Amino acid sequence: MELFWLLGIPLTGGIFLALWGYRRNAPEINALFSLLTLAMAALLTVRIVEAGPMMVGNGWFFIDSFNVFLVALTAFVAFTTALFSRPYMRIEQEHGRLNATRLRLYHSSYQIFIGAMLLALTTNNMGILWVAMEAATLATVLLVSLYRTPASLEAAWKYFILCGVGIALALFGTILLYFAAEKVLGSGGNALLWTHLNGVKAQLEPTVLSLAFVFLLVGYGTKVGLAPLHSWLPDAHAEGPTPVSAVLSGLLLNVALYAVMRSKVLVDGALGNDMAGTLMMGFGLLSVVLAAFLIVRQTDVKRMFAYSSIEHMGLITFAFGMGGAVANFAGLLHMTMHSLTKSAIFFAVGHATQKTGTQLMDDIRGLIKTNPTLGWGLMLGTVAILGMPPFGVFASEFLIITTAMHEHPWATPFLLLALGVAFAAIFGKVQPMVFGETELPKLPYQPAQTPVFLHLGLVLMLGLFIPPYLAAWYKQAAHLLGG
Amino acid sequence: MSAGILLQIAQTLLAILLAPLLMGWVNQCRAWLQGRSAPPITQPYRSLRKLFHKDAVIAHNASPLFRFAPYMKFACMALAAGIVPTIANDLPFSPAADVIALVGIFALARVFLALAAMDIGTPFGTLGARREMLVSFLAEPALLMVFFTASLISQSTELPIIVATLAHKTFAIHPSLAFAAVAFWMISVAENARIPVDNPSTHLELTMIHEAMILEYSARHLALIEWAAALKLFTYSALGIALFLPWGIAPQGDIAALPLALAAIVAKLAVGGAALSFMEAVSAKVRLFRVPEFLGTAFLLAVLGMLIHFLLEG
Amino acid sequence: MSHLASLDAHVLDLAWAGVLYWLGVGFSALLLQRQHGLLTRLIFPLGALGALFMAGIGVAGLLLPASSMVLPIGLPDLPFHLRLDALSAFFMVLLGGAAFGITVYACGYFRNMAAGPLALLALWYHLFLAGMVTVLLADDAYAFMVAWEVMALSSYFLVTTDHKIPEIRRAGFLYLLIAHIGAVALLLTFGVLQGGHGDYTFNTMRLAEMTPFWSSAAFLLALFGFGAKAGLVPIHVWLPEAHPAAPSPVSALMSGVMLKTAIYGLLRVTFDLLKIQLGWWGTLALALGLVTALYGVIFAAVQSDMKRLLAWSSIENIGVIVAAFGLTLIFHTDGKGALAALTLTALLYHALNHAFFKGLLFVGTGSVLHATGERRMGRLGGLIRTMPWTAWLTLIGALAIAGLPPLNGFVSEWLLLQAFLLTPGLTQPYLNMVIPVAAATVALAAALAAYVMVKFYGVIFLGQPRDPALQHAHEASWPERLGMLWLAGACILLGLFPTLVIQWLEPVVLMLTGQRLSGISNWLLLTPVSAERASYAPLIFLAGVTAVVALTYLWVRRVYHGRVRRSEPWDCGYPEQNTRMQDSAEGFGQPIRQIFEVFMRVERETPDPFDHHPHYHGDSRDKLWLLIYQPIADLTAWLSMQAARLQHGRIQWYLIYSFVTLIFLLVLTR
Amino acid sequence: MTALAYHLQIVNLLAALLLLISFAMLSQRRVVGLVTLFAWQGAALALSTAIVAWSTGQHHLYYSAAMTLGLKVIAMPWYFYHLVKKLNVNRVVEPMINIPTTMLIGIVLVIFAFNLALPISEMSGTVTRSTLGIAMACVLLAFLMMITRTKAIPQVIGFLSMENGLFFAATSATYGMPLVVELGVALDVLVGVFVLGIFIFQIRETFDSLDLKHMEKLKEK
C-alpha cells in the first residue's frame, strides 16, 4: 500500500504541477509532495526492516533491504533538494535566468524524475527497470537544458544521445537476458521478473548471460558515469541548474549502479566465476584514476565536483566489484555518504555561484567573509568528500582500501594515488574560494542552509557512529549482493 | 673526605691565584722571543689591581645582563678549574660535572659573554659575539671529540678516572691520543684567543674577536673578565697536561705525593707556556674566513682520533 | 598507593571524560560567539584546567598497570578501542604539562581578538587538544586514524586563522596536503600490520606473525607517515611554513606537542606493535635523524624571521630525537638492553624538554609579536628593557634549548652523548665506524644550536632598538607571564632533578625495552650506568656557580667599591654610531650561510653604491623544494594534460569511446 | 518443408533486407533519403513481426507490429519530412569518415556480430534463431552511423534505426518481450522523439544550424 502511494505521489505531483502551472507557492507544493514521498518511503522502510523482503502486485514489485535503503536515501535527498531549490529557483528568477513556464517544466519534471527513479528501484521486472531508467533520463534531459544557453543545450544533447545509446544497449542486454530466461521460465511475463531469475540463475545459459552483462554494463554504466563512458556527465552537471546537478550525481548515478548490481547478482549466479566483478573493478579503477587527473585542470566548480562524482562512483563500483561482505557493506555505505555529501556540496556551491554570478573558481573568493555558514558548509563538505575523518566518507574509504589491501593489493597504489591527487587538486581549489578577501552583494532571499548542515551532520554522525539497526540493515543488503 | 674537600678548595684557589702568573709568564716569553724588553712576570696582577680600583663606566642602555656576565664567566672558569685535576686526583666536586659538563660550562660562559657583548648594541660588540660563536661552534664539538677519545680509552667521562687510567694503569701507547693532542692544541689556541686565530694584544677591528666583545667593559668587570681569561688559559693547559702527560699528579688519598705533584705541574706549565709563546711568535694570524678551515681541521683530527681508537684499539 | 588502586579501574574513563570535557569546552565556545568577555575569561582557563587534569591522568597512568576499554562508537565491526599504558601516559603528561602553560598563556594572548573568529579558534583549539589525546589513547587503527586526522584538520584551521594573507593560505594547504599523504602512509602501515587478519585492533597487530620483509615494509611506511608529521627531512617542507603562520600559542602547541605525537606513533609501532625489529632500521633512522638535525639547525641559523627560525630549530630537535630513536633500535636489536634503555630515556627526556622550552620560546615570540607587530628580527632589538619579564623568561628557554647546564636541554643531550660513548662492543663493526661520526654530528648540531640561540636572543632582546617605535613596546599581560613562568619553571626543574624524572620514566622504558637503567644511585647524583663511568649533579653544579658568583660579588664589594658611572657606549671611540650599525639577523647568520651555502638557494639583492635608498635583502631557501617537490608537481600536471585530451568535446568521439569499449568487452568475454 | 519453411524464409529475407537497408543508410548522404530508408526499415520490421506473430500465434506481437507500423513507418518519417522541410536542412552531408571506409568497417562489424551470435543461435529454440546475428549487426551498424554523422537529424535517425535493430532482435530471437515492457518501450521511444523534436528546434533557434560542430564548446582546455 505504501508502495502504491510512494510511486503515486510523485507522479500525481508531476501532473498536478504541470497542469496547475507556476504559481507563487509552486516550490512549496513541490517540497510538500517530496515530503509526502519521504513519509511513504519511511513507512515502507519500517515495514521492510520489520517484515523482511516482500513482493507487491503479484510479483511486479519486489522490495528487499537493498533497494529499500536506496528508496529511503532517494526520497530523503529528493526532499532536501526540493527544500534547497525553493530559494535557489526564486533567486534564479530574480536574476532573470528563468521564467514561469520553465519553472513549471522544472517542478513537474522534477517530480516525474523522482517517481521514475523510485519505480526503477522498486520494480521487480528487468524490463520495467529499463523503461523507468529511460524515463528518468528523458525527465532530466529538459532540466539540463533549462537555461536554454548554448552550453546547456550542448550538454543536454550530449547527455541525451550518449545516455540514449547507452540505454539502448542496455535494452539489448535485457533482451538477451529474456532470451536466456525464457528457456528456463518459458516465455511470458515471469521470464523477466528478477526474483524468478534469481531463483533459477544457476540454470541460465552462461554464454548468453556474459554477453548480456556486457551490454547491460556498458548501457547502465554510461549512466553511472564509468570512464570511458562518462563523457556526458561533467557537461550535464555543470550546465544544468544546481538542484538538478545535486539529484543527478546524488541519486541518478546510484540508481543506475543499482541496475548494474541487480544484473551482476544474476550473472554471478549463472557464470559461477567473477567475470562481472573483474569488469566492474576494471571500470571502477579506470574511473577513479582518470577522474582524479582530470580534476587537476578544472576551472569550473560544478564541473570539478562532477568529476569528483565520477571518481566516487568508480570507487563504489570497485568496491562492489571486489564483492564479499565487507566490500559490499563499504560500497553501500559509500553510496550513502557520497549522495549526502555531494548533494550538500552542490547546495553550497549553488548559492556560492549565485552570490558571485559565476561558476569560475578563480572569481569566487572569501565566501567565509560574505556568508560564514555558507563558506563553512562548502569547506566542511569538501573536507568530508575528500575522505577526511571524522566524516563518514572516510569510514567507507577506510573499509574499501583496507579490503583492497588484502584482497587485491595491486589495486591499492592506484587508488591511493588517485585519492591523493584528487585531494591536492580539490582542496587547493576550494581553499581560496572559501578563505581570503572579497566584496560581494547580499542575496535577495535567505539561502537554504539547513539542508547543507543536515546532510553534513548525518555524514559526521555516520562517521563516528553507525546505529546498530542501520548497520544490520546494511549487512543484510550486502548479503543480498552476494556477501 | 674532609681532606678531599680541603684539597678541592685548595686546588681551586691555587688555580685562581696562579692563573695570572701563567699569563704573565707567557707574555714574558713572547716579549723575549720578539726581542722586546719583557714586563715583569707579575704584571697581570698589577693590572688587575689597578682595574679593581677604578670606577666602572657603563653605557646608558646596559641591562643587568651586561653587569652580571663577568661574574658568571668568572664563576664558570673557577668551577672548571675546580674540576680539572692539577696536583691531586681526588676532587669531591668532580662527580658533579664530567668532561661533557665541562664543555657545557665553557659554553655557558661563552654564551653569557656573547650576549653581554650584544647588549650594548655597538657594531663591534655584535661583530665580536658573532665571531666568537663562529669559532666556538666548531671548537666546542672538536673539544668534545677529544674528550670522547680519552674517555673511550678509559671507559669513563670522569676526569679523575681518566687521569687515573692514563697515568697510573699499565702504560700503553694510544695513537688515537696523538691525534687528539694535536686537535686539542689547535682548539685551545682558538678558545683562548691566541694567534693564529685571534690576537690578544690588538684592537684592530679586522682581526679582533675576544677583545671586540669586551670593548664596553671597564674597571672591575673588565678585571673579572681578564682574570677569567687567564683562568681559562690555565684550565686548558691543566686539561692538556691531565689528558696527555698526566704523570706526576697525586693519586687518590696520597698526600705525600702532593709536593712532587706541585713541582711537576709548575714545571709542565712553564714549558707549556713557553711553547705557546714560541708558537705565537713563529706563526702569523690567519684571515677570519680561514678560521673555520683551521678549526674544521681540528674537528676532523679529533674525529679521526676516535675512529682510530675504534680501528686499532677498539 | 591504595587510593590509586581504587582509581585503577576508572583512570581510562576519566581520560575519556577529559576528552569529552575538552570537546564540550570547544563547542560551548561556539555558543558564546557573542559574549567576548566570557570567551576570553572562561573558555581558555577551562581548557587549561583540562590540560592539568590530563597531566594528572598521565601521572596516574604511569603508576598504574595498563588498562583498556571499548567505546560504543566507531565502525560496527570495529568500535573505538582505548588503552592507557605507560607510553601513552608519559606522552599525556608531556601534552598536559606543556598545554597547560600554553593555554594559560593563550588566555592573555587572544584578549584582543574579535569574538566571532575567537569562538571558532577556541573550538578548533580544544578540538586539536582532544584529537591529540585521543591519538595517544587509541588502541585500534580506525580510532587512531580518526583522531590523527582530527588533529591535522583542526590544526590546519588554526594555522589558517589569519587566512587573509595568501602566504598563510599556501602554508596551510601545504601542511594539510603533506599531513594527508602521511596519513595515507599510516593507513598502509596498519594495513600491513594487521597481516591479513582483517582485524584492525592493535591487540591483533601485536599478535600478528610477520616475515622480516613485511615488518620492514610496515616500519618504512610508519617512518614515512610519522616522519611527515614530525618534519623529517626531506618531508619537512611544510613545517617552516605552517608553524610560523599559526598564532603563537598554536605554534607552541604544534612544535611542542603535536610533533611528539609522531614520535609517540613511531615508538608505538616499532616497539609495541611490531614483534621483531631489525638492526638496519636503526641505522636508517639514525642517519635520517642526524641529517635532519644538521639541516634544521643550519637553516635555523640563516633565518631572519623569528618564528621561522624556531620552526627550523624544531626540525633540528626532532632530528636529534629520531637519531636517539635509531640508536635505541640499534642497541635493542644488538641485545644491549641497558644501553637501549639509556638511549630511550634520553629520547623521552629530550621530547619532554623540547615540549617545554620550544613552547616557551614560541609564546615568547608571541608576546614580542603582540608588543611590536613585527616578526622580522631585523626590525627588533633592545626589548629586554621594555619587556623584561618576557625577555628574562625567554632567556631561560634560549639557554635551555642551547643545551647549557644546569638547564634541562643539557641533561638529555648529556644522556645521549653518554649513550654514544658506550657503543663499543656492538657486534656489527660498521656501526662502530658510524657511531663516532654520528656523535660528532650531534655535538656539532648542539654547538650550532647555541649559535642560533645567541642570534635569536641577542638580535631580538639585546642591543639597541632598530626601530624607534620599539621604545613603546608594552610588556606581556599577566596570564601570558604566568604561562611563560610555568614553562620556564618546568625547564629549570627538569634540569635540576634529572634522577627523579628518570626514575619516573622507568615504566615506559621498561615497557618498551624490557630493561631498566642500572646505576641510578641517589636523587642528587645522576649516574646512568655507574659512578665510575659518568656522573652529573646539576644541583651541586648550580650551588657551585651561585656560591662563586656570590663570593666574588661580595669580595669585590668588600675589598673595593661598587661605584658606577653611566656614559655613552665607547665602541673603540667611533665618532658616530646608530642602531642600524648593529648586526642584522642576516648579518649574524652570514658566516654559517657562507660555510653551508651548498644546501641553500640564496637570493641576495645587494645595494649598488649610487642608489639613494640602499637596502639589502638576503633570503636563503631550501634547495630540496626544487629537487623533489617541483618535479612531482610537474609530472602530475603533465599527466592531467594527457587525460584532458580525451575530453575534447566532439560527441562523435564520445560515441566512439562507448563503441570501442563495447567491442573490446565483447571480444574480451568471448 | 511445410508452410513453416516459407515464412521462415520470408523472415530471413526480411532480415537480410533490414541489414541491406542499414548499409544503405550508412552510405546515404541526403537527409530525406535517410528518412525514406528509415521508413522502409520500419516497414520491414513491422512485416517480419507480423509474420512471426502469425506463424507462432503469439497475438500480442500483432500489437507491437501495429505499433511499429504506426510509429516508425508513418508518424516519425512524416515528422522528419516535416522537420527537414521546415528547417530546410536537406543538403548533402559529408560524414566524418568517408563512405567506402565506413562500408569496410561495417562489413567487419557484421562478421563480428555473426560470430558473436553463432553459439547463441545454436541453442535458440525459436523458429527464427539465425536472425539474432543480423539484429546485432543492425545495432552495431546504426551505432557506426551515429558516429559518422555530424548533423543532428541523421544522428537521431541512426539512434532510431538502432532501436529498430533492437526490436527485430526482440521479435525474431525471442517472440517479443512481455507486452507491458513493449508498451513501456514504445512509450519511451515516443516521448523520446518528442523531446528530440523540442531539442532540434531549440538547437535550431540557438545555433541557427543543426550542425553538431557548433556543439563542441564543452571540453577540457
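Biologist: Into which domains is chain C divided?

Modeller: Chain C has domain 1 (1–214 + 223–232), domain 2 (277–557) and domain 3 (627–669); the bounds come from an automatic or database domain assignment. This is a predicted model, in which local features need pLDDT of at least 70 and side-chain atom pairs count only at pLDDT 80 or more, while totals for chains, interfaces and linings use all residues. Residues are numbered from 1 along each chain as its sequence is written, and chains are lettered from A and ligands numbered from 1 in the order in which they are written.

Biologist: Why are α13(A) and α18(A) called roughly antiparallel?

Modeller: The axes of α13 (residues 325–356) and α18 (residues 450–464) of chain A cross at roughly 150 degrees. Axes are lines fitted to C-alpha atoms, for helices over the stretch in contact, and angles run from 0 to 180 degrees between N-to-C directions. An angle over 145 degrees counts as roughly antiparallel, so α13(A) and α18(A) are roughly antiparallel to each other.

Biologist: What is the make-up of the contact of α13(A) with α18(A) by class?

Modeller: This contact has eleven nonpolar, three polar and no charged residues. Ala, Val, Leu, Ile, Met, Phe, Trp, Tyr, Cys and Pro count as nonpolar, Asp, Glu, Lys and Arg as charged, and the others, Gly among them, as polar.

Biologist: How many residues do chains A and D give to their contact?

Modeller: Chain A gives 39 residues and chain D gives 37 residues. On the side of chain A, the largest share, 18 residues, comes from α6(A).

Conventions. Contact = placed C-beta atoms within 7 Å. Helix = DSSP H or I, 4+ residues; strand = E, 2+ residues; numbered from the N terminus. Parallel < 35°, antiparallel > 145°, perpendicular 65-115°, else oblique.
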